[in-house]
Amino acid sequence: MPLERIHHVAIICGDYAVSKRFYTEVLGLRVIAENHRAARDSYKLDLALPDGSQLELFSFAGAPARPTRPEAQGLRHLCFEVPDVQAMADQLTAQGVAVEPLRVDEFTGRRFAFFADPDGLPLELYEAAPAEDLDALLLKLEGALHLREVRASATRLAELLDEDFHELGVSGTTWIRVAVIDALREESFSSRKMTDFRVKRMANDVALVSYRVHREASAERPAADSLRSSLWRCRQGRWRMAFHQGTPL
């Protein structure tokens with residue numbers, strides 16, 4: 001039962017009007033729906049993030065305050081990815097929101113900063129990877145799939161190909177993940193050279209790459225050139241290929 005992504009995060013606020021203004025006007029989240037449940041004297045506000053995930057803002061009469069700052073069991077904090085942490089922090093500060101000093105993640109080298117909503121819920125801004133970093137990463141990952149040692153390893157291939165991967169091959173054959181892994185392990189390898197590599201980010205977690213490949217001649221087959229395109233998808237912090245197509249030249 002694979003989990004795809006977070007659909008929504010629910011937040012209970014103390015003052016509904018104040019929190020509604022904070023999340024819609026200060027953070028700029030789009031309202032999907034707003035409903036008042038008379039039987040419970042409770043509002044439910046559905047808010048959209050650009051990646052398709054949502055926040056649910058609830059009001060409940062007499063809800064207890066958050067007992068401690070973040071080091072407690074349960075939800076520690078809620079984090080938003082932004083292109084530029086400093087720019088976002090400056091915008092929040094200009095609107096009267098206190099933002100802690102920027103810090104750098106020791107493992108990724110990316111900047112982050114904390115602030116709080118009107119009820120003291122810790123919120124985090126985390127800087128997205130620069131586009132050039134993604135280009136370099138996908139060039140490395142795509143290139144790995146053209147290496148002899150990777151194509152011969154079921155483990156390495158399984159790490160790079162998504163579970164629902166499929167391919168439209170140069171020959172016109174349609175492949176699924178398990179068939180590709182078996183076929184590549186048994187192939188007669190020919191060296192390949194990639195050129196004209198391009199990356200187009202389709203969404204925060206989806207990128208399209210395109211390039212040319214020249215395959216050297218071998219005893220089994222002649223040299224050949226082809227156009228290639230791949231769709232890469234990021235899940236749980238790992239980029240994996242979801243689709244690949246080859247077109248002969």
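**Briefing: aromatic pairs, an open sheet and a surface patch**

Phe 115 is buried, because its relative accessibility is 3% and buried means under 20%. The structure described here is a predicted model. Phe 115 takes part in a tilted aromatic pair with Phe 22, and the points below begin with that pair. An open sheet of six strands and a nonpolar patch on the surface follow.

**Aromatic pairs**

- The count of aromatic pairs comes to seven.
- One of them joins Phe 22 and Phe 115, with 6.4 Å from centre to centre and 45 degrees between the planes, and this pair is tilted.
- Distant parts of the chain are linked by this pair: Phe 22 belongs to helix α1 (residues 16-26) and Phe 115 to strand β7 (residues 111-116), 93 residues apart.
- Phe 22 is also buried, at a relative accessible area of 6%.
- Phe 22 and Phe 115 form one aromatic cluster together with Tyr 23.

**A stacked pair between two strands**

- The rings of Phe 112 and Tyr 126 have centres 6.4 Å apart and planes at 20 degrees, so this pair is stacked; planes under 30 degrees apart count as stacked.
- Phe 112 is in strand β7 and Tyr 126 is in strand β8 (residues 122-127), so the pair ties together parts that lie 14 residues apart in sequence.
- Both Phe 112 and Tyr 126 are buried.

**The open sheet**

- Six strands make up an open sheet in the order β10-β9-β14-β13-β12-β11, and their pairing is mixed.
- The edges are held by β10 (174-176) and β11 (192-203); each has a single partner strand, so one side of each is without a neighbour in the sheet.
- On average, neighbouring strands of this sheet are turned by 15 degrees against each other, direction ignored.
- In general, strands of a sheet pair through backbone hydrogen bonds, either parallel or antiparallel.
- Strand β9 (residues 161-168) pairs with β10 in the antiparallel sense, over three bridges.
- Leu 168 has Thr 174, in β10, as its bridge partner.

**The surface patch**

- Met 202, Leu 208 and Leu 231 form a nonpolar patch on the surface, and together they have about 230 Å² of accessible area.
- Leu 231 lies in strand β13 (residues 224-235), and β13 is one of the strands of the open sheet.
- Leu 231 counts as partly exposed because its relative accessibility is 31%, between the limits of 20% and 50%.

Note on methods: Residues are numbered from 1 along each chain as its sequence is written. This is a predicted model: local features need pLDDT of at least 70, side-chain atom pairs count only at pLDDT 80 or more; totals for chains, interfaces and linings use all residues. Side-chain values use heavy atoms; hydrogens and water are left out. Patches are made of residues with over 30% relative accessible area and no salt bridge: like charges are joined within 9 Å, nonpolar side chains (Val, Leu, Ile, Met, Phe, Trp, Tyr) within 5 Å. Accessible areas come from the Shrake-Rupley method with a 1.4 Å probe; for residues, only the protein chains shown count as cover. A salt bridge is a side-chain nitrogen of Lys or Arg within 4 Å of a carboxyl oxygen of Asp or Glu. Helices (H or I, at least four residues) and strands (E, at least two) are DSSP runs, numbered from the N terminus. Buried means under 20% relative accessible area, exposed over 50%, partly exposed in between (1.4 Å probe, protein chains only). Two strands pair if DSSP finds at least two bridges between them. Axes are lines fitted to C-alpha atoms, for helices over the stretch in contact, and angles run from 0 to 180 degrees between N-to-C directions. Rings of Phe, Tyr and Trp (its six-membered ring) pair if their centres lie within 6.5 Å; planes under 30 degrees apart count as stacked, over 60 as edge-to-face and the rest as tilted.
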